[in-house]
Amino acid sequence: MKATFSDFLTENSMCNGFANNQDAKKIFEILSEDESIFLMIDSAELGRPSLEPCIEKIEKWYDENQNCQIDFADEFTRKAVGRMVKTILDPFGYEVSGRKSLSKQTGLRFFKTASCYQKTGEVKLKVIRQIVEA
């Protein structure tokens with residue numbers, strides 16, 4: 001089973017302040033979408049930060065929600081987003097292997113670095129991609 005927002009809070013007790021924060025839950029949902037997971041795993045396999053292919057979508061969502069209950073200018077909040085990625089990738093066997101700067105081509109405003117991951121942990125879920133006739 002894919003990781004849940006509750007799993008994120010359980011694994012990161014320092015983030016319990018986000019427990020009733022609907023915007024934090026929405027960010028977790030965006031990162032938990034199958035397409036986001038595929039992109040994060042692909043990025044990990046290329047040796048790039050797993051958050052990199054999803055962060056533009058996250059920042060765009062943030063910009064479109066002016067009454068957002070979170071603040072990406074806050075370092076703790078940005079770290080919490082990184083911890084969300086860690087929780088989401090854990091069931092696929094991916095563990096943090098370091099940090100890198102995010103691509104400057106993306107024009108990001110808030111996120112500058114993110115964790116890289118390698119498949120070194122216990123695999124509980126796997127991705128199976130198929131090409132089938134329509």
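The chain has five helices and two strands (DSSP runs, at least four residues of H or I for a helix and at least two of E for a strand, numbered from the N terminus). From the N terminus on, the order is α-α-α-α-α-β-β. This is a predicted model: local features need pLDDT of at least 70, side-chain atom pairs count only at pLDDT 80 or more, and totals for chains, interfaces and linings use all residues. Residues are numbered from 1 along each chain as its sequence is written, and side-chain values use heavy atoms, leaving out hydrogens and water.

**Burial**
- Of the 134 residues, 42% count as buried (under 20% relative accessible area; exposed is over 50%, partly exposed in between; 1.4 Å probe, protein chains only).

**Salt bridges**
- Side chains of opposite charge can pair when their charged atoms come close.
- The whole structure holds seven salt bridges (a side-chain nitrogen of Lys or Arg within 4 Å of a carboxyl oxygen of Asp or Glu).
- Glu33 pairs with Lys57, with the closest N and O atoms 2.9 Å apart. Glu33 sits in the loop between helix H2 (22-32) and helix H3 (34-45), and Lys57 in helix H4 (residues 52-64), 24 residues apart.
- Glu33 is partly exposed at 32% relative accessibility. Lys57 is partly exposed too, at 43%.
- Asp42 forms a salt bridge with Arg129, the closest N and O atoms being 2.8 Å apart. Asp42 lies in helix H3 and Arg129 in the segment after E2, so the pair ties together parts 87 residues apart in sequence.
- Asp42 is partly exposed, at 32% relative accessibility.
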